[in-house]
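User: Hi! Could you walk me through this model?
Analyst: Happy to, here it is.
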Amino acid sequence: MNKKKYSKEEADERNRASKRRSRLRNPEKSLAQSTACRNRMRVENRLFIREYKENHPCRCGESSVCCLDFHHLDSSVKERNVSALSKSPVSSRRLKKEIEKCIVICSNCHRKLHNGELEYEIRDIL
Ligand SMILES: [Zn+2]
Ligand SMILES: [Zn+2]
């Protein structure tokens, strides 16, 4: 047996065990840390979405952030609703990837779009 490899595995195991012990000793602290981290991600994602909407008003001229939605251009690639995604602690990379599949549209136009009263082609926004 390779002695060096064995001792590294041993060290890893010791390391894991000590982390486990400190989690057990201090469960509140590690819970608080991960909650803080998730909250920070949520806040950052919300801010990112807000800024993104501010920079992408609807084609009709509506630019109030509260009236703007994300519409997936191709629902077959839709992973999750962007606003739902922004409320969960996802990485900003994943959020941006989802936003790239969408256009920003105001809720009125969004309804018309889904009702077939409005055509919104990808080329309109490129
Ligand atoms: Zn839609
Ligand atoms: Zn609109």
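Analyst: One term to begin with: a residue is buried if 20 or more other C-beta atoms, placed from the backbone, lie within 10 Å of its own, exposed if 12 or fewer, and partly exposed in between. This is a predicted model, where local features need pLDDT of at least 70, side-chain atom pairs count only at pLDDT 80 or more, and totals for chains, interfaces and linings use all residues. Residues are numbered from 1 along each chain as its sequence is written, while chains are lettered from A and ligands numbered from 1 in the order in which they are written.
User: Thanks! What share of the protein chain is buried?
Analyst: Buried residues are 14% of the 126 in the protein chain.
User: And how many helices and strands are there?
Analyst: The protein chain has 6 helices and 2 strands, counted as DSSP runs (H or I, at least four residues, for helices; E, at least two, for strands) numbered from the N terminus.
User: Which residues make up the largest nonpolar core?
Analyst: There are 11 residues in all, among them Cys58, Phe70, Leu95 and Val104. Such a core is a set of buried Ala, Val, Leu, Ile, Met, Phe, Trp, Tyr and Cys residues joined through C-beta atoms within 7 Å. Strand E2 (102-106) gives the most, with 4 residues.
User: New topic: which residues in H2 and H4 meet?
Analyst: Glu44, Asn45, Phe48 and Tyr52 in H2 meet Ser92, Leu95 and Ile99 in H4, a contact being C-beta atoms, placed from the backbone, within 7 Å.

Technical notes:
Contact = placed C-beta atoms within 7 Å.
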